[in-house]
Amino acid sequence: MAQHVVTMLPGEGTGPEICEAVRLVIDASGVDIKWEYEEIGLGCLEQYGTLLPDKTIKNIAKNKVALKGPTTTPIGTGHKSANVTLRKVFDLFANVRPAKLIPVLKRPWDKIDIINFRENTEDSYAAIEHMVSDEVAQCLKVITWPGSYRIADFAFQWARANGRKKVYCVHKANIMKMTDGLFLEAFREAAKKYPEIEIGDVIVDNCCMQLVRNPAQFDCLVLPNLYGDILTDLCAGLVGGLGFAPGANIGDNCSIFEAVHGSAPKYAGMKKVNPSAVLVSGIMMLRWLKETAAADRIEKAMFAVLDERKHVTYDVGGTATTDEYAQAIVDKMHAGK
Amino acid sequence: MATTFSEAAKSTKKKKEIRLVGVDMYIITENGIPSFQDGEFGPFKCEFISNRGTKVWPGFVSPDLMMVNWYRCRFMATQDVQDSNVDAFLAALSKKGWWWSAVQKLWTHDGEAAYSKAY
(Lines give C-alpha, C1' and ligand atoms only; values in the text may rest on other atoms or scores of the structure.)
Protein backbone atom coordinates (compact mmCIF):
# COMPACT_ATOMS: atom_id res chain seq x y z
CA MET A 1 0.00 0.00 0.00
CA ALA A 2 1.27 3.44 -0.92
CA GLN A 3 2.49 5.56 1.94
CA HIS A 4 0.66 8.61 0.63
CA VAL A 5 -2.50 9.01 -1.45
CA VAL A 6 -2.60 12.35 -3.25
CA THR A 7 -5.33 13.84 -5.43
CA MET A 8 -3.89 15.01 -8.75
CA LEU A 9 -5.79 17.84 -10.43
CA PRO A 10 -4.14 18.30 -13.85
CA GLY A 11 -6.28 21.33 -14.64
CA GLU A 12 -6.51 22.57 -18.21
CA GLY A 13 -4.52 24.14 -21.02
CA THR A 14 -0.93 23.11 -20.43
CA GLY A 15 -1.85 21.71 -17.00
CA PRO A 16 -2.12 18.02 -17.97
CA GLU A 17 1.27 17.88 -19.74
CA ILE A 18 2.92 19.82 -16.91
CA CYS A 19 1.43 17.52 -14.26
CA GLU A 20 2.54 14.39 -16.14
CA ALA A 21 6.10 15.72 -16.23
CA VAL A 22 5.95 16.58 -12.54
CA ARG A 23 4.58 13.15 -11.68
CA LEU A 24 7.44 11.54 -13.63
CA VAL A 25 9.96 13.44 -11.50
CA ILE A 26 8.23 12.90 -8.15
CA ASP A 27 7.73 9.18 -8.79
CA ALA A 28 11.42 8.85 -9.65
CA SER A 29 12.45 10.46 -6.35
CA GLY A 30 11.77 7.29 -4.41
CA VAL A 31 8.70 8.54 -2.61
CA ASP A 32 5.73 6.16 -2.46
CA ILE A 33 2.64 8.03 -3.69
CA LYS A 34 -0.61 6.70 -5.12
CA TRP A 35 -2.08 9.39 -7.37
CA GLU A 36 -5.83 9.68 -7.75
CA TYR A 37 -6.77 11.83 -10.74
CA GLU A 38 -9.76 14.15 -10.56
CA GLU A 39 -11.17 16.80 -12.87
CA ILE A 40 -11.35 20.54 -12.37
CA GLY A 41 -11.88 23.53 -14.63
CA LEU A 42 -13.59 24.40 -17.91
CA GLY A 43 -13.62 20.82 -19.15
CA CYS A 44 -16.07 19.93 -16.36
CA LEU A 45 -18.70 22.47 -17.37
CA GLU A 46 -20.40 20.40 -20.08
CA GLN A 47 -20.48 17.15 -18.11
CA TYR A 48 -21.12 18.45 -14.59
CA GLY A 49 -22.38 22.02 -15.03
CA THR A 50 -19.70 23.30 -12.66
CA LEU A 51 -15.97 23.98 -12.73
CA LEU A 52 -15.51 21.90 -9.58
CA PRO A 53 -17.52 18.65 -9.51
CA ASP A 54 -18.66 17.13 -6.21
CA LYS A 55 -16.66 13.97 -6.82
CA THR A 56 -13.49 16.06 -6.99
CA ILE A 57 -14.36 17.74 -3.69
CA LYS A 58 -15.06 14.36 -2.09
CA ASN A 59 -11.76 12.92 -3.28
CA ILE A 60 -9.77 15.86 -1.90
CA ALA A 61 -11.70 15.61 1.39
CA LYS A 62 -10.74 11.92 1.59
CA ASN A 63 -7.05 12.31 0.73
CA LYS A 64 -6.56 15.70 2.45
CA VAL A 65 -3.75 16.64 0.09
CA ALA A 66 -3.80 17.57 -3.60
CA LEU A 67 -1.39 18.76 -6.28
CA LYS A 68 -3.07 21.05 -8.76
CA GLY A 69 -2.17 22.22 -12.25
CA PRO A 70 -3.28 25.57 -13.63
CA THR A 71 -6.93 26.31 -14.37
CA THR A 72 -8.78 29.11 -16.13
CA THR A 73 -11.67 31.05 -14.65
CA PRO A 74 -14.12 32.09 -17.37
CA ILE A 75 -14.94 35.79 -17.24
CA GLY A 76 -18.55 36.90 -17.23
CA THR A 77 -20.21 33.47 -17.37
CA GLY A 78 -21.52 33.50 -13.82
CA HIS A 79 -19.61 30.35 -12.89
CA LYS A 80 -17.82 30.40 -9.59
CA SER A 81 -14.03 30.21 -9.76
CA ALA A 82 -12.82 26.68 -8.96
CA ASN A 83 -9.89 28.10 -6.99
CA VAL A 84 -12.04 30.34 -4.82
CA THR A 85 -14.56 27.54 -4.27
CA LEU A 86 -11.77 25.19 -3.15
CA ARG A 87 -10.57 27.81 -0.66
CA LYS A 88 -14.08 28.31 0.67
CA VAL A 89 -15.07 24.62 0.89
CA PHE A 90 -11.92 23.56 2.71
CA ASP A 91 -11.31 26.89 4.46
CA LEU A 92 -7.76 26.98 3.11
CA PHE A 93 -6.81 29.99 5.18
CA ALA A 94 -3.04 30.01 4.68
CA ASN A 95 -1.62 30.83 1.28
CA VAL A 96 2.08 30.05 1.54
CA ARG A 97 4.19 31.58 -1.22
CA PRO A 98 7.97 31.18 -0.92
CA ALA A 99 10.23 33.41 -3.00
CA LYS A 100 13.74 32.06 -3.36
CA LEU A 101 16.46 32.92 -5.85
CA ILE A 102 16.88 30.37 -8.65
CA PRO A 103 20.58 30.43 -9.63
CA VAL A 104 19.97 30.21 -13.39
CA LEU A 105 17.76 33.30 -13.35
CA LYS A 106 20.33 36.05 -13.00
CA ARG A 107 18.98 38.67 -10.65
CA PRO A 108 20.63 41.77 -9.16
CA TRP A 109 20.52 40.39 -5.61
CA ASP A 110 22.76 37.93 -3.78
CA LYS A 111 20.03 36.53 -1.61
CA ILE A 112 16.27 36.32 -1.52
CA ASP A 113 14.67 33.69 0.66
CA ILE A 114 11.29 34.94 1.80
CA ILE A 115 8.23 32.97 2.82
CA ASN A 116 4.98 34.89 2.51
CA PHE A 117 2.00 33.80 4.58
CA ARG A 118 -1.07 35.41 3.06
CA GLU A 119 -4.39 35.20 4.89
CA ASN A 120 -6.57 33.63 2.24
CA THR A 121 -10.21 33.99 3.30
CA GLU A 122 -10.97 37.46 4.65
CA ASP A 123 -10.26 41.13 3.98
CA SER A 124 -11.94 42.80 1.01
CA TYR A 125 -12.26 39.34 -0.62
CA ALA A 126 -15.35 38.53 1.47
CA ALA A 127 -17.43 39.73 -1.51
CA ILE A 128 -19.52 42.17 0.54
CA GLU A 129 -20.06 45.11 -1.78
CA HIS A 130 -22.88 47.60 -2.13
CA MET A 131 -23.78 50.75 -3.97
CA VAL A 132 -24.60 52.78 -0.85
CA SER A 133 -25.91 55.67 -2.91
CA ASP A 134 -26.13 56.19 -6.64
CA GLU A 135 -22.65 57.73 -6.64
CA VAL A 136 -20.88 55.78 -3.91
CA ALA A 137 -19.73 52.14 -3.90
CA GLN A 138 -18.54 50.42 -0.75
CA CYS A 139 -16.63 47.18 -0.14
CA LEU A 140 -16.45 45.84 3.39
CA LYS A 141 -12.97 44.88 4.53
CA VAL A 142 -13.65 42.04 6.96
CA ILE A 143 -10.81 41.28 9.38
CA THR A 144 -11.57 38.95 12.29
CA TRP A 145 -9.63 38.10 15.44
CA PRO A 146 -9.70 34.30 14.90
CA GLY A 147 -8.89 34.68 11.21
CA SER A 148 -5.92 36.93 11.99
CA TYR A 149 -4.67 34.89 14.93
CA ARG A 150 -4.67 31.58 13.06
CA ILE A 151 -2.65 32.84 10.07
CA ALA A 152 -0.07 34.34 12.42
CA ASP A 153 -0.01 31.17 14.55
CA PHE A 154 0.38 29.09 11.38
CA ALA A 155 3.28 31.26 10.17
CA PHE A 156 5.09 31.05 13.52
CA GLN A 157 4.62 27.31 13.64
CA TRP A 158 5.96 26.95 10.09
CA ALA A 159 8.90 29.20 10.97
CA ARG A 160 9.71 27.13 14.06
CA ALA A 161 9.46 23.82 12.16
CA ASN A 162 11.70 25.09 9.36
CA GLY A 163 14.33 26.92 11.36
CA ARG A 164 13.31 30.39 10.27
CA LYS A 165 14.37 33.22 12.55
CA LYS A 166 12.21 36.29 11.83
CA VAL A 167 8.50 36.75 11.25
CA TYR A 168 7.20 40.21 10.35
CA CYS A 169 3.61 41.42 10.09
CA VAL A 170 2.76 43.61 7.07
CA HIS A 171 -0.06 46.09 7.63
CA LYS A 172 -1.38 49.62 7.30
CA ALA A 173 -2.52 49.96 10.90
CA ASN A 174 -1.41 53.58 11.05
CA ILE A 175 -4.36 54.41 8.79
CA MET A 176 -6.75 51.45 9.15
CA LYS A 177 -6.61 51.33 12.91
CA MET A 178 -9.54 48.94 13.42
CA THR A 179 -9.02 46.36 10.68
CA ASP A 180 -5.26 46.27 10.25
CA GLY A 181 -4.94 47.19 13.92
CA LEU A 182 -6.79 43.99 14.85
CA PHE A 183 -4.63 41.96 12.44
CA LEU A 184 -1.47 43.35 14.05
CA GLU A 185 -2.76 42.84 17.59
CA ALA A 186 -3.63 39.19 16.86
CA PHE A 187 -0.15 38.72 15.32
CA ARG A 188 1.49 40.03 18.49
CA GLU A 189 -0.70 37.81 20.64
CA ALA A 190 0.16 34.71 18.61
CA ALA A 191 3.86 35.61 18.78
CA LYS A 192 3.86 35.12 22.55
CA LYS A 193 3.90 31.35 22.03
CA TYR A 194 7.13 31.57 20.01
CA PRO A 195 9.61 33.56 22.10
CA GLU A 196 12.63 32.28 20.17
CA ILE A 197 11.43 33.93 16.95
CA GLU A 198 12.21 37.59 16.29
CA ILE A 199 9.09 39.55 15.45
CA GLY A 200 8.48 42.91 13.87
CA ASP A 201 6.01 44.79 11.75
CA VAL A 202 6.30 46.90 8.66
CA ILE A 203 3.84 49.20 6.94
CA VAL A 204 2.86 47.78 3.57
CA ASP A 205 4.03 50.66 1.38
CA ASN A 206 7.39 50.78 3.13
CA CYS A 207 7.59 46.99 2.83
CA CYS A 208 7.23 47.26 -0.98
CA MET A 209 10.01 49.80 -1.14
CA GLN A 210 12.26 47.74 1.16
CA LEU A 211 11.57 44.60 -0.87
CA VAL A 212 12.89 46.12 -4.08
CA ARG A 213 15.83 47.86 -2.37
CA ASN A 214 17.02 45.13 -0.05
CA PRO A 215 14.97 41.94 -0.15
CA ALA A 216 17.59 39.96 1.77
CA GLN A 217 16.50 41.62 5.03
CA PHE A 218 13.19 39.73 5.06
CA ASP A 219 12.62 36.18 6.27
CA CYS A 220 8.89 35.41 6.83
CA LEU A 221 6.05 37.84 6.20
CA VAL A 222 2.47 37.55 7.45
CA LEU A 223 -0.05 39.54 5.42
CA PRO A 224 -3.77 40.19 5.19
CA ASN A 225 -5.38 38.97 1.97
CA LEU A 226 -5.14 42.05 -0.27
CA TYR A 227 -1.57 43.07 0.60
CA GLY A 228 -0.64 39.39 0.36
CA ASP A 229 -2.13 39.10 -3.11
CA ILE A 230 -0.01 42.00 -4.32
CA LEU A 231 3.22 41.41 -2.42
CA THR A 232 3.44 37.71 -3.28
CA ASP A 233 3.49 38.59 -6.97
CA LEU A 234 5.98 41.35 -6.26
CA CYS A 235 8.22 38.77 -4.57
CA ALA A 236 7.75 36.36 -7.50
CA GLY A 237 8.87 39.17 -9.80
CA LEU A 238 11.97 39.76 -7.67
CA VAL A 239 13.13 36.19 -8.23
CA GLY A 240 12.30 36.09 -11.92
CA GLY A 241 8.54 35.77 -12.42
CA LEU A 242 5.78 33.24 -11.95
CA GLY A 243 7.56 30.47 -13.91
CA PHE A 244 9.25 29.20 -10.76
CA ALA A 245 6.76 30.43 -8.14
CA PRO A 246 5.22 27.69 -6.00
CA GLY A 247 2.20 28.02 -3.79
CA ALA A 248 0.26 26.13 -1.19
CA ASN A 249 -3.23 26.67 0.17
CA ILE A 250 -3.48 25.10 3.58
CA GLY A 251 -6.37 24.64 6.00
CA ASP A 252 -6.86 22.79 9.26
CA ASN A 253 -7.71 19.54 7.48
CA CYS A 254 -6.63 19.83 3.88
CA SER A 255 -3.77 21.19 1.75
CA ILE A 256 -3.65 21.98 -1.95
CA PHE A 257 -0.33 22.70 -3.65
CA GLU A 258 -0.31 24.58 -6.92
CA ALA A 259 1.58 26.86 -9.23
CA VAL A 260 0.24 30.36 -9.34
CA HIS A 261 0.64 30.92 -13.08
CA GLY A 262 -2.13 30.54 -15.64
CA SER A 263 -2.95 27.60 -17.91
CA ALA A 264 -1.40 29.12 -21.07
CA PRO A 265 -3.98 27.49 -23.39
CA LYS A 266 -2.21 28.70 -26.55
CA TYR A 267 0.69 26.36 -25.72
CA ALA A 268 -1.51 23.38 -24.81
CA GLY A 269 -0.32 20.12 -26.36
CA MET A 270 2.95 21.61 -27.60
CA LYS A 271 4.93 20.28 -24.64
CA LYS A 272 7.17 23.32 -24.57
CA VAL A 273 6.25 25.01 -21.30
CA ASN A 274 8.37 24.95 -18.19
CA PRO A 275 6.82 22.71 -15.51
CA SER A 276 9.05 24.11 -12.75
CA ALA A 277 6.39 26.06 -10.84
CA VAL A 278 4.22 22.95 -10.38
CA LEU A 279 7.35 20.90 -9.68
CA VAL A 280 8.47 23.31 -6.95
CA SER A 281 4.92 23.19 -5.56
CA GLY A 282 5.31 19.40 -5.57
CA ILE A 283 8.56 19.79 -3.64
CA MET A 284 6.67 21.90 -1.08
CA MET A 285 4.06 19.16 -0.90
CA LEU A 286 6.70 16.49 -0.26
CA ARG A 287 8.13 18.55 2.60
CA TRP A 288 4.59 18.97 3.97
CA LEU A 289 4.27 15.16 3.82
CA LYS A 290 7.62 14.94 5.70
CA GLU A 291 9.31 13.43 2.63
CA THR A 292 12.24 15.80 3.05
CA ALA A 293 14.90 13.57 1.49
CA ALA A 294 12.90 13.13 -1.72
CA ALA A 295 12.16 16.86 -1.83
CA ASP A 296 15.85 17.74 -1.40
CA ARG A 297 16.83 15.21 -4.07
CA ILE A 298 14.46 16.70 -6.65
CA GLU A 299 15.42 20.29 -5.82
CA LYS A 300 19.13 19.56 -6.10
CA ALA A 301 18.67 17.76 -9.43
CA MET A 302 16.46 20.53 -10.80
CA PHE A 303 19.00 23.23 -9.92
CA ALA A 304 21.78 21.13 -11.49
CA VAL A 305 19.83 20.73 -14.74
CA LEU A 306 19.07 24.44 -14.81
CA ASP A 307 22.71 25.33 -14.14
CA GLU A 308 23.91 23.13 -17.02
CA ARG A 309 21.38 24.77 -19.38
CA LYS A 310 21.57 21.77 -21.71
CA HIS A 311 18.05 20.46 -21.20
CA VAL A 312 16.04 23.52 -20.25
CA THR A 313 12.86 24.95 -21.75
CA TYR A 314 12.61 27.96 -24.03
CA ASP A 315 11.80 30.46 -21.27
CA VAL A 316 15.24 29.96 -19.73
CA GLY A 317 17.08 29.96 -23.03
CA GLY A 318 16.87 26.29 -24.01
CA THR A 319 15.10 24.13 -26.57
CA ALA A 320 14.09 21.15 -24.43
CA THR A 321 10.49 20.00 -24.31
CA THR A 322 8.59 19.75 -21.04
CA ASP A 323 9.24 15.99 -21.00
CA GLU A 324 12.95 16.29 -21.88
CA TYR A 325 13.47 18.75 -19.03
CA ALA A 326 11.66 16.42 -16.62
CA GLN A 327 13.64 13.41 -17.84
CA ALA A 328 16.89 15.34 -17.40
CA ILE A 329 15.97 15.95 -13.75
CA VAL A 330 15.17 12.25 -13.33
CA ASP A 331 18.50 11.29 -14.93
CA LYS A 332 20.32 13.75 -12.67
CA MET A 333 18.67 12.23 -9.60
CA HIS A 334 19.67 8.72 -10.69
CA ALA A 335 23.23 9.85 -11.43
CA GLY A 336 23.45 11.38 -7.98
CA LYS A 337 22.53 8.19 -6.13
CA MET B 1 -16.15 80.20 -17.04
CA ALA B 2 -13.52 77.74 -15.90
CA THR B 3 -14.73 74.35 -14.70
CA THR B 4 -12.87 72.58 -11.92
CA PHE B 5 -12.06 68.89 -12.10
CA SER B 6 -14.50 68.32 -9.25
CA GLU B 7 -17.30 70.14 -11.06
CA ALA B 8 -16.56 68.29 -14.29
CA ALA B 9 -16.60 64.97 -12.44
CA LYS B 10 -19.91 65.70 -10.71
CA SER B 11 -21.51 66.74 -14.00
CA THR B 12 -20.88 63.30 -15.55
CA LYS B 13 -23.19 61.51 -13.15
CA LYS B 14 -25.89 59.55 -14.94
CA LYS B 15 -29.42 59.51 -13.62
CA LYS B 16 -30.57 56.03 -12.63
CA GLU B 17 -33.87 54.54 -11.63
CA ILE B 18 -33.42 53.36 -8.06
CA ARG B 19 -35.70 50.78 -6.46
CA LEU B 20 -35.58 49.29 -2.95
CA VAL B 21 -35.57 45.48 -3.19
CA GLY B 22 -34.28 44.23 0.17
CA VAL B 23 -31.88 44.64 3.08
CA ASP B 24 -28.66 43.07 4.31
CA MET B 25 -28.83 42.65 8.09
CA TYR B 26 -25.61 42.14 10.01
CA ILE B 27 -26.61 40.04 13.01
CA ILE B 28 -24.43 39.17 16.00
CA THR B 29 -25.16 35.87 17.73
CA GLU B 30 -23.25 33.20 19.63
CA ASN B 31 -25.94 30.62 18.85
CA GLY B 32 -24.85 29.53 15.40
CA ILE B 33 -26.46 30.24 12.05
CA PRO B 34 -29.64 32.32 12.54
CA SER B 35 -32.93 30.80 11.44
CA PHE B 36 -36.01 32.68 10.20
CA GLN B 37 -39.47 31.56 9.13
CA ASP B 38 -40.90 32.63 5.78
CA GLY B 39 -43.53 35.29 6.41
CA GLU B 40 -42.11 36.07 9.85
CA PHE B 41 -41.14 39.55 8.73
CA GLY B 42 -43.95 40.51 6.36
CA PRO B 43 -42.68 41.35 2.91
CA PHE B 44 -39.04 40.47 3.70
CA LYS B 45 -37.90 36.87 3.18
CA CYS B 46 -34.43 35.60 4.07
CA GLU B 47 -32.64 34.57 0.87
CA PHE B 48 -29.23 33.59 2.21
CA ILE B 49 -26.92 33.94 5.18
CA SER B 50 -23.15 34.30 4.89
CA ASN B 51 -20.31 34.33 7.38
CA ARG B 52 -17.03 36.01 6.49
CA GLY B 53 -18.34 36.16 2.92
CA THR B 54 -19.09 32.44 2.60
CA LYS B 55 -22.69 31.29 2.22
CA VAL B 56 -23.72 29.17 5.21
CA TRP B 57 -27.48 28.96 4.51
CA PRO B 58 -29.24 27.51 2.64
CA GLY B 59 -27.36 24.43 1.48
CA PHE B 60 -24.11 22.74 2.31
CA VAL B 61 -21.82 24.12 5.01
CA SER B 62 -18.31 22.74 5.00
CA PRO B 63 -17.36 21.19 8.34
CA ASP B 64 -13.95 22.84 7.82
CA LEU B 65 -15.40 26.36 7.76
CA MET B 66 -14.46 28.61 10.66
CA MET B 67 -17.29 30.99 11.51
CA VAL B 68 -17.38 34.14 13.61
CA ASN B 69 -20.32 35.55 15.57
CA TRP B 70 -21.34 38.00 12.83
CA TYR B 71 -23.69 36.93 10.05
CA ARG B 72 -24.84 38.76 6.96
CA CYS B 73 -28.51 37.88 6.47
CA ARG B 74 -29.95 38.94 3.14
CA PHE B 75 -33.69 39.62 3.18
CA MET B 76 -35.28 40.23 -0.19
CA ALA B 77 -38.65 41.93 -0.62
CA THR B 78 -41.43 39.67 -1.91
CA GLN B 79 -43.49 42.68 -3.05
CA ASP B 80 -42.98 46.39 -3.66
CA VAL B 81 -41.59 47.96 -0.48
CA GLN B 82 -40.85 51.45 0.83
CA ASP B 83 -38.46 52.72 3.50
CA SER B 84 -41.31 52.53 6.02
CA ASN B 85 -41.43 48.74 5.50
CA VAL B 86 -37.74 48.60 6.45
CA ASP B 87 -38.48 50.58 9.64
CA ALA B 88 -41.20 48.07 10.57
CA PHE B 89 -38.90 45.15 9.70
CA LEU B 90 -36.13 46.45 11.97
CA ALA B 91 -38.58 46.97 14.83
CA ALA B 92 -39.91 43.42 14.42
CA LEU B 93 -36.40 41.96 14.26
CA SER B 94 -35.33 43.76 17.45
CA LYS B 95 -38.55 42.77 19.20
CA LYS B 96 -37.75 39.12 18.53
CA GLY B 97 -34.43 39.60 20.29
CA TRP B 98 -32.03 39.68 17.36
CA TRP B 99 -28.97 41.82 18.07
CA TRP B 100 -27.70 43.50 14.96
CA SER B 101 -24.73 45.73 14.18
CA ALA B 102 -25.85 47.35 10.94
CA VAL B 103 -28.35 47.29 8.13
CA GLN B 104 -27.71 48.03 4.48
CA LYS B 105 -30.59 48.69 2.09
CA LEU B 106 -30.38 46.87 -1.23
CA TRP B 107 -31.33 48.75 -4.35
CA THR B 108 -31.46 48.07 -8.03
CA HIS B 109 -30.07 50.71 -10.36
CA ASP B 110 -31.94 50.70 -13.66
CA GLY B 111 -33.04 47.16 -12.82
CA GLU B 112 -29.50 45.85 -12.12
CA ALA B 113 -28.52 44.62 -8.66
CA ALA B 114 -26.39 47.27 -6.92
CA TYR B 115 -25.00 44.74 -4.43
CA SER B 116 -22.81 41.62 -4.55
CA LYS B 117 -23.88 38.03 -4.11
CA ALA B 118 -22.30 35.73 -1.53
CA TYR B 119 -19.78 33.10 -2.57
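User: In the predicted model, which residue is the bridge partner of Y26(B) in β5(B)?

Analyst: In this predicted model, strand β1 of chain B, residues 18–28, pairs with β5(B) in the antiparallel sense, over 10 bridges. Within β5(B), which covers residues 99–109, the bridge partner of Y26(B) is A102(B).

User: Which residue of β6(B) does H109(B) stand opposite?

Analyst: H109(B) is found in strand β5 of chain B, and β5(B) is joined by two bridges to β6(B), residues 112–113, with the strands running antiparallel. The hairpin of β5(B) and β6(B) has two residues between the strands, and D110(B) takes a positive phi near 50 degrees there. Across this pairing, H109(B) stands opposite E112(B).

User: Is H109(B) buried or exposed, and which residues of chain A does it touch?

Analyst: A residue counts as buried when its relative accessible area is under 20%, and H109(B), at 9% relative accessibility, therefore counts as buried. Leaving aside residues up to four places away in sequence, its contacts in chain B are K16(B), E17(B), I18(B) and A114(B). From chain A, H109(B) touches M131(A), S133(A) and D134(A).

User: What is omega of the cis peptide bond that joins W57(B) and P58(B)?

Analyst: P58(B) is found in the loop between β3 (54–57) and β4 (70–77) of chain B. The peptide bond that joins W57(B) to P58(B) is cis, with omega at about -5 degrees.

User: K64(A) and D91(A) take positive phi values; is D91(A) buried or exposed?

Analyst: K64(A), in the loop between α3 (54–63) and β3 (65–68) of chain A, has phi near 70 degrees and is partly exposed, with a relative accessible area of 46%. D91(A) has phi near 45 degrees, likewise a positive value in a residue other than glycine, and its place is the loop between α4 (82–89) and β4 (94–100) of chain A. At 2% relative accessibility, D91(A) counts as buried.

User: What is the radius of gyration of chain A, and what does the globule rule give for 337 residues?

Analyst: Chain A holds 11 helices and 12 strands. Its radius of gyration is close to the value of the globule rule for 337 residues, so chain A is as compact as a globular protein of that length: 20 Å for the chain and 20 Å from the rule.

User: How far apart are the mean positions of the positive and negative charges of chain A?

Analyst: Chain A exposes about 14,200 Å², of which carbon and sulfur atoms supply 54%, while buried residues make up 55% of its 337 residues. The chain carries 39 positive and 41 negative charges, and their mean positions are apart by 4 Å.

Notes. Residues are numbered from 1 along each chain as its sequence is written. Chains are lettered from A and ligands numbered from 1 in the order in which they are written. This is a predicted model: local features need pLDDT of at least 70, side-chain atom pairs count only at pLDDT 80 or more; totals for chains, interfaces and linings use all residues. Side-chain values use heavy atoms; hydrogens and water are left out. Helices (H or I, at least four residues) and strands (E, at least two) are DSSP runs, numbered from the N terminus. Buried means under 20% relative accessible area, exposed over 50%, partly exposed in between (1.4 Å probe, protein chains only). Contact means heavy atoms within 4.5 Å. The radius of gyration is taken over C-alpha atoms; the globule rule is 2.2 Å times the number of residues to the power 0.38. Accessible areas come from the Shrake-Rupley method with a 1.4 Å probe; for residues, only the protein chains shown count as cover. Lys and Arg count as positive and Asp and Glu as negative; His and the chain ends are not counted. The place of a charge is taken as NZ of Lys, CZ of Arg, CG of Asp or CD of Glu. Two strands pair if DSSP finds at least two bridges between them.
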